[in-house]
Structures are given as structure tokens and as C-alpha cells.
There are 2 protein chains.
Amino acid sequence: MKLGRLNHIGVATPSIADSIVFYRDVMGATTICEPFDMPDQGVKVCFVDTPGDGGTNGTQIELIEPLPGNASIAGFLERNPQGGQHHMCYEVPDIHAAKAEFEAMGKRVLGEPRIGAHGTPIFFVHPRDMGGVLTEIMETPKGDH
Amino acid sequence: MKLGRLNHIGVATPSIADSIVFYRDVMGATTICEPFDMPDQGVKVCFVDTPGDGGTNGTQIELIEPLPGNASIAGFLERNPQGGQHHMCYEVPDIHAAKAEFEAMGKRVLGEPRIGAHGTPIFFVHPRDMGGVLTEIMETPKGDH
């Protein structure tokens with residue numbers, strides 16, 4: 001596998017509405033996408049753009065708020081009531097090839113690839129196999145490059 | 001303040017040597033800088049490059065290992081023995097202007113600006129004032145843009 005683009009950093013928050021105010025008014029973000037629910041994954045998400053080098057798109061911040069019944073993000077927020085860094089997401093050209101490679105290396109892929117917040121297939125890899133970092137792998141959106 | 005480039009994600013590790021093997025062999029990183037000690041800050045650091053959009057430089061991973069006597073990273077590793085996401089670092093054009101802006105907003109800036117791992121001045125802002133994210137602010141290296 002070749003290291004892909006760092007697409008986004010997942011940041012858990014008890015309130016996307018409050019985090020939008022923070023990223024806009026404190027951090028000075030100018031492009032904050034409309035929040036949307038992903039009921040299958042039990043989360044509301046919102047992407048904040050950061051500027052990349054030379055006017056390109058930088059790594060995004062993905063704000064994540066649990067929907068009712070979501071145990072894993074709610075558990076994270078119990079341990080970190082203000083929220084905090086939750087995962088790192090890298091792009092790959094082919095999600096199934098990436099899954100096979102991680103599994104061949106003995107890494108625990110958490111479930112089958114499913115459609116993620118950018119509309120392309122994603123999977124997560126267990127943080128215990130990834131230096132303590134919950135890692136999301138996503139297929140690069142077509143036409144994005 | 002205008003949101004700057006996400007320069008790097010700080011990732012704490014009990015062993016930079018082991019993390020280099022992980023980022024090279026598991027994640028497929030091709031550019032991993034030579035680790036170096038920052039004795040004033042009590043850390044050894046090592047930057048891993050990720051590819052940005054369109055061939056630009058992406059957000060780096062900063063691997064951080066505590067030097068003997070460093071209580072804060074050692075404490076982080078006690079809570080997270082494998083390591084994990086430690087901080088997020090954004091660039092600003094002027095470190096002193098940024099410090100004044102954060103302080104005017106009531107954010108706790110942790111100490112005076114000091115020279116960071118990229119050779120430009122940096123400071124940290126308390127995670128409790130930043131949505132649970134320990135945030136590093138660094139002056140963009142001159143000539144980098």
C-alpha cells in the first residue's frame with residue numbers, strides 16, 4: 001500500500017452547532033459544509049475545510065455528533081465530555097484492495113466496506129492494530145483528482 | 001483570525017523507531033524524516049509526509065516520543081499505552097498577532113511562543129478552551145509558500 005492523502009481528521013463533539021460557531025469565530029474557518037445525518041452509522045457529521053498548500057484543498061475536519069442510540073461516540077464523549085480527536089482518515093484508490101492488504105497484515109478491519117460521509121466506500125481499522133489511532137480508510141471520490 | 005493550513009497532526013508513541021516501521025510498512029509512507037531530539041521540550045520528534053492534493057505537500061504526521069523527565073507525554077502514554085492522536089497544529093502568518101487574538105478571546109495560551117520542530121515560533125492552546133483538542137499554532141516557515 002502507498003500512503004494516501006489525509007482526507008480528514010474526525011473530531012467528536014457533543015454539539016455540532018456549537019462546534020460550527022467555534023470553527024467559524026475562533027479558528028476563522030470560511031467554508032463549513034451543511035451538517036447532515038448518517039442514520040446507518042448513528043452520527044450527524046459536518047465538514048470544515050482547511051486550506052491546503054498553494055490553494056489546494058487541505059485535510060478537512062469532520063465534526064461528529066452522536067445520534068440517539070450511538071454507543072461508541074457517546075462513550076467517547078463520556079470519557080471526553082468536550083469532545084476531541086476521534087480518528088484519522090486516509091484515501092486509497094481501491095477500497096477492496098486496501099481491505100485485503102490490511103487483513104493480510106493481520107490488521108482488524110471493522111466490518112465490510114460501507115458508504116461513508118463523502119459518498120465513497122470506507123472501513124475502519126482497529127486502533128489497537130494502528131498505534132492507538134482509530135483509522136478510517138476511504139476510496140478517493142471519482143473525479144476528485 | 002483566518003483558518004490556516006493544517007500543518008501536522010501530533011501522534012504520541014512509546015517508540016518512534018517502531019512507529020517509523022509502522023508508517024513505512026503498514027501505511028506505505030515514502031518520506032519519513034530523520035528523528036531528532038528537542039531537549040527543551042522534552043521530546044524526540046519525527047515527521048512523516050503525507051501527499052497533498054495535486055502533488056502538493058499534505059498535512060504531516062508528527063511522531064512524538066517523550067525524552068526522560070517529560071511528564072506530559074509520559075502521562076498521555078500512561079493513559080494510552082500504544083500512543084494516539086495528541087494535538088493538531090495550524091499555521092498562522094504571525095505568531096504574536098495570533099497569540100494576542102487567542103488571548104483576546106479568553107483562550108489559555110500555554111506559555112510564550114518558542115521555537116518549534118519546524119524552526120518557527122509556536123505555542124499551544126489549552127484543549128479545554130478548544131473543544132477538547134490540544135491545539136498548536138505555528139508561524140508558517142518563510143519561503144514555504
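View 1. Looking for salt bridges between chain A and chain B gives a count of zero, where a salt bridge is a side-chain nitrogen of Lys or Arg within 4 Å of a carboxyl oxygen of Asp or Glu. Across this interface, nine residue pairs are in polar contact, both residues at pLDDT 80 or more. A polar contact is a pair of N or O atoms within 3.5 Å; within protein, one must be able to donate a hydrogen and the other to accept it, and residues adjacent in sequence count only if both atoms are side-chain atoms.

This is a predicted model, so local features need pLDDT of at least 70 and side-chain atom pairs count only at pLDDT 80 or more, while totals for chains, interfaces and linings use all residues. Residues are numbered from 1 along each chain as its sequence is written, chains are lettered from A and ligands numbered from 1 in the order written, and side-chain values use heavy atoms, with hydrogens and water left out.

**View 2. The buried area.** Together, chain A and chain B bury about 3600 Å², with 61% of it on carbon and sulfur atoms. From chain A, A:L3, A:M27 and A:Q85 supply 20% of the area buried against chain B, more than any other three residues. Buried area here is the accessible area (1.4 Å probe) that two parts lose on being put together, summed over both.

**View 3. The contact residues.** Chain A brings 44 residues to the contact and chain B brings 45, with contact meaning heavy atoms within 4.5 Å.

**View 4. The two copies.** The same surface serves both copies, as 100% of the contact residues of chain A recur in chain B.

**View 5. The fold of chain A.** Chain A has three helices and eight strands, which are DSSP runs (helices H or I, at least four residues; strands E, at least two) numbered from the N terminus. Along the sequence they follow the pattern β-α-β-β-β-α-β-α-β-β-β.
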